[in-house]
Amino acid sequence: MFQMSKLYHNFHHTKNSVFSFVFLLPLFLLLLLACNGFSVFYINLSVPAKTSPEPANLLPEILPGDKPVKKLSSSSVMYAVKEENPSLNLKTHLSLLQNPNISMVLKPKKQPHRFSPQTLKALQLRTTKTAKGFTFSTKLRAFFQNSNCKLRFFMTWISSLHSLSHRELLVIESVFKSNPKACLVIVSTSLDSPKGNAVLKPFLNMGFNLITVSPDFGSIFKHTYAETWFNRLKTGNINPGEVSLGQNLSNLLRLVLLYKYGGVYIDTDVIVLKSFNNLSNVIGAQSMKIETKTWSRLNNAVLIFDKHHPLLYKFIQEFALTFDGNKWGHNGPYLVSRVVGRVTNGSEFNFTVLPPPAFYPVDWSRIRSLFRGPNNRIQSDWLRRKLEQIRRQSYTVHLWNRQSKDVRVEEGSIVHHIISDCCIFCNISTSSL
């Protein structure tokens with residue numbers, strides 16, 4: 001009897017336990033499902049840490065040419081995970097980084113552009129000093145103070161001394177023939193040398209104010225938009241592109257030289273025909289629209305501006321912000337055309353756009369015609385009229401070296417007559433041009 005009572009008691013206890021388990025099972029399963037769903041769909045909101053304010057900078061931190069990279073901390077990297085692969089622990093998080101089902105926001109860091117050894121050498125930030133310890137700026141200031149210049153001319157020569165031809169020497173002669181009281185600064189490493197000085201010594205012997213100075217880009221570009229651009233170029237954060245880096249540096253150098261010192265810039269293939277004394281804040285049109293009689297393209301081979309002119313500031317800014325080393329002319333003629341097209345109606349800019357005959361009487365596509373002599377009476381009459389027109393209307397003639405450097409100067413051609421008008425030593429054979 002006692003055993004039956006004990007068995008009944010155990011059976012009753014087991015029955016109660018089973019009923020309790022069956023009653024609590026749905027609640028347990030519901031709780032487990034909720035926890036599992038929370039682990040799959042939770043969102044981790046990262047709160048940005050407090051940062052100290054950065055000092056103001058007048059120049060932009062990111063320029064076009066740079067590919068901006070988002071700065072992401074490890075806590076702010078987000079990724080999307082499919083529901084069948086919930087992130088449960090640290091090992092799972094690490095393995096998910098290799099999972100093709102994850103879309104990463106973080107981009108690979110941009111690698112700096114690698115320069116050739118020759119380019120790196122040319123871009124070395126250095127201070128150019130003369131034998132007396134003068135820097136670029138102090139040497140120029142001393143030259144201007146001692147020369148009593150009526151007008152300042154600037155030229156750049158980025159090639160070797162061996163590349164300097166009679167054509168470039170004729171351009172120098174033309175500057176002093178038309179502007180004998182002017183000062184000419186040639187910014188060039190190859191000409192600022194004992195051999196370069198020997199080539200130019202005849203001009204100094206004639207009493208002309210001429211100086212050659214090696215470029216110190218870091219010093220010249222300082223405190224302008226050009227400084228930021230140049231620093232990014234040196235560190236590989238700007239791709240110099242396929243166009244000659246020397247050509248683009250020359251495009252920028254002329255702008256900064258005029259902005260800091262004021263005066264006239266001319267290319268080494270531009271022959272000067274007249275005095276520039278009456279010209280101020282001028283840029284020339286290369287082509288015009290016949291229908292509207294407005295310019296369609298400007299050129300930067302001849303620039304005449306006062307020191308700190310606001311248009312020069314805009315040119316330099318445009319160069320730094322829109323630099324493209326893969327498009328010829330983008331940082332030169334097209335640049336000045338873009339900027340002038342935007343500011344033509346601006347009241348704060350005071351400058352003049354001269355028509356093509358002033359600096360570019362013959363377009364590059366027709367420049368070869370100026371080198372040809374007459375073969376008959378009709379050609380002779382045309383050459384005479386064209387020469388008279390150039391002498392009457394033009395301050396310069398652009399020879400467009402890229403198209404004419406291999407063309408021979410023929411007897412009786414317009415260029416032959418211009419050489420006779422503009423030479424000083426007049427000992428240059430026309431065949432050598």
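Mentor: A disulfide is a pair of cysteine sulfur atoms within 2.5 Å. The structure is a predicted model in which local features need pLDDT of at least 70 and side-chain atom pairs count only at pLDDT 80 or more, while totals for chains, interfaces and linings use all residues. Residues are numbered from 1 along each chain as its sequence is written, and side-chain values use heavy atoms, with hydrogens and water left out.

Trainee: How many disulfides does a search of the whole structure find, and what is the pairing of the bonded cysteines in sequence order?

Mentor: The search finds 2 disulfides. One joins Cys149 to Cys183, and the other is formed by Cys423 and Cys426. With the bonded cysteines numbered in sequence order, the pairing is 1-2, 3-4.

Trainee: Is the disulfide of Cys149 and Cys183 left-handed or right-handed?

Mentor: The two sulfur atoms of Cys149 and Cys183 are 1.5 Å apart. The torsion about their S-S bond is about -80°, and the disulfide is therefore left-handed.

Trainee: Which parts of the chain does this pair link, and how many residues apart are Cys149 and Cys183?

Mentor: Helices are DSSP runs of H or I with at least four residues, and strands are runs of E with at least two, numbered from the N terminus. Cys149 lies in the loop between helix H4 (136–147) and strand E1 (152–156), whereas Cys183 belongs to strand E2 (residues 183–187). The pair thus links distant parts of the chain, with a separation of 34 residues.

Trainee: Which residue of that pair is buried?

Mentor: Buried means under 20% relative accessible area, exposed over 50%, and partly exposed in between (1.4 Å probe, protein chains only). Cys149, at 22% relative accessibility, counts as partly exposed. A relative accessible area of 0% belongs to the buried residue, Cys183.

Trainee: For the link of Cys423 and Cys426, which residue is partly exposed?

Mentor: The sulfur atoms of Cys423 and Cys426 are 1.9 Å apart, and with 85° about the S-S bond the link is right-handed. Cys423 counts as buried at 7% relative accessibility. With a relative accessible area of 48%, the partly exposed residue is Cys426.

Trainee: How far from Cys422 is the nearest cysteine sulfur?

Mentor: Cys422 counts as buried, at 4% relative accessibility. Cys422 is in no disulfide, and the nearest cysteine sulfur, that of Cys423, is at a distance of 7.9 Å.

Trainee: How are helices H8 and H9 oriented, roughly parallel or roughly antiparallel?

Mentor: H8 (residues 225–234) and H9 (residues 245–261) pack at about 160°, their axes (lines fitted to C-alpha atoms over the stretch in contact, with angles from 0 to 180 degrees between N-to-C directions) 12 Å apart. Angles under 35 degrees count as roughly parallel, over 145 as roughly antiparallel, 65 to 115 as roughly perpendicular and the rest as oblique. The two helices are therefore roughly antiparallel.

Trainee: Which residues of H9 make the contact with H8?

Mentor: Contact means heavy atoms within 4.5 Å. H8 contributes Ala226, Trp229, Phe230 and Leu233. From H9 come Leu245, Leu249, Leu252 and Val256.

Trainee: How far apart in space are Ala320 and Leu252?

Mentor: Ala320 is in helix H10 (residues 310–322), and this alanine is buried, with a relative accessible area of 1%. Although 68 residues separate Ala320 from Leu252 in sequence, their C-alpha to C-alpha distance is 9.0 Å.

Trainee: What percentage of the residues of the protein count as buried?

Mentor: The protein has 15 helices and 9 strands. Of its 433 residues, the buried share is 40%.
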